[in-house]
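Me: I would like to go through this model with you, one topic at a time. Please keep the answers plain.

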Amino acid sequence: MKALGIVGSPRRNGNVDTLVSKVLEGAQEAGLETSKYILNEMNYSGCQACEYCKSHDHCRLDDDLTELFAEMKEADAVVFGSPIYFFLFSGQFKLMQDRMYSLIDAAFVPRLRPGKRAIIVTSQGNADVASYAKAADDFALALKMLGFELKDIIRMVDGIAPDAALARKDMLDMARSAGAALGRE
Ligand SMILES: Cc1cc2nc3c(=O)[nH]c(=O)nc-3n(C[C@H](O)[C@H](O)[C@H](O)COP(=O)(O)O)c2cc1C
């Protein structure tokens, strides 16, 4: 089994990166093969709305997301991570999300094998988890449309310092157990 991690924060070793990596660590311990993509270090464009993917089974653009989506097709589980920027996911993440339009056909039927497991990881500066919960909750709707089975949402708060998650043993443990659970039936 394979798990793929996607980091939508530009901060390497920031909170999202730390927690996505921890989920992948748990998945590895459960026997899954893992890989991780840092969106900020990849070259890709936003969706061009050309609708090519509705008459073909892939996106017309050929860039760094081509490989990511090929791995996503293979993966049994995907960990989607993004910081909260102005109530929403980061721009880097949203460009990738829009390109996932190529993963549904003209009848809006997912092209991905149904039932892939998903975990969402978010991190925000604010201490109140409820204030920014909507971003992940809305992305969960997109995941449902794409045929994913959402297993967990891990929400880090008070994350202005990039290493804040490292001091949150509860979050690290939660992330690792969520990853380990990806290997269970
Ligand atoms: C452009 C920008 C916008 C942000 N907007 C919000 C926000 O609306 N609410 C919030 O709680 N934190 C906000 N933050 C703080 C980040 O969400 C927070 O630092 C998060 O933990 C970053 O994750 P990272 O450590 O993985 O980069 C913002 C940060 C930046 C750089």
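Me: Which residues does Tyr44 touch, not counting those up to four places away in sequence?

Reply: In this predicted model, Tyr44 touches Leu39, Asp63, Leu65, Gln92, Leu95, Met96 and Arg99.

Me: Where does Tyr44 lie, and is Tyr44 buried or exposed?

Reply: Tyr44 lies in the loop between S2 and H2. Tyr44 is buried, because its relative accessible area is 15% and the cut-off for buried is under 20%.

Me: Which residues have the most contacts inside the largest nonpolar core?

Reply: Met72, Phe80, Met96 and Phe148 have the most contacts there, in a core of 31 residues. Two or more residues each come from strand S1 (2-7), helix H3 (64-74), strand S3 (77-85), helix H4 (91-99), strand S5 (117-123) and helix H5 (133-145).

Me: Which element gives the most to this core?

Reply: H5 does, with 5 residues.

Me: What does the second core include?

Reply: The second core is separate and has 23 residues, including Val7, Ile119, Met171 and Ala175.

Me: Changing topic to the backbone: what is phi at Ala49 and at Glu51?

Reply: Phi is near 55° for Ala49 and near 70° for Glu51. Both values are positive, and neither residue is glycine.

Me: Why would one remark on that?

Reply: Most residues other than glycine have a negative phi.

Me: Where is Ala49 placed, and what is the place of Glu51?

Reply: Ala49 is in the loop between strand S2 (33-38) and helix H2 (52-55). Glu51 is in the loop between S2 and H2 as well.

Me: Now the overall fold. How many helices and strands are there, and what pattern does the protein follow?

Reply: There are 6 helices and 6 strands. Read along the sequence, the pattern is β-α-β-α-α-β-β-α-β-α-β-α.

Me: What radius of gyration does the protein have, and what would a compact globule have?

Reply: The protein has 16 Å, which agrees with the value near 16 Å for a compact globule with 185 residues. The C-alpha trace spans about 50 × 35 × 25 Å along its principal axes.

Me: What share of the residues is buried, and what share of contacts joins residues at least 24 apart?

Reply: Buried residues make up 46% of the 185. Among contacts between residues at least 6 apart in sequence, 77% join residues at least 24 apart.

Me: Finally, what does the surface consist of, and how far apart are the mean positions of the charges?

Reply: The protein exposes about 8,900 Å², and carbon and sulfur atoms supply 53% of that area. The mean positions of the 22 positive and 26 negative charges are 2 Å apart.

Terms used:
Residues are numbered from 1 along each chain as its sequence is written. This is a predicted model: local features need pLDDT of at least 70, side-chain atom pairs count only at pLDDT 80 or more; totals for chains, interfaces and linings use all residues. Side-chain values use heavy atoms; hydrogens and water are left out. Helices (H or I, at least four residues) and strands (E, at least two) are DSSP runs, numbered from the N terminus. The radius of gyration is taken over C-alpha atoms; the globule rule is 2.2 Å times the number of residues to the power 0.38. Buried means under 20% relative accessible area, exposed over 50%, partly exposed in between (1.4 Å probe, protein chains only). Contact means heavy atoms within 4.5 Å. Accessible areas come from the Shrake-Rupley method with a 1.4 Å probe; for residues, only the protein chains shown count as cover. Lys and Arg count as positive and Asp and Glu as negative; His and the chain ends are not counted. The place of a charge is taken as NZ of Lys, CZ of Arg, CG of Asp or CD of Glu. A nonpolar core is a set of buried Ala, Val, Leu, Ile, Met, Phe, Trp, Tyr and Cys residues joined through side-chain atoms within 4.5 Å.
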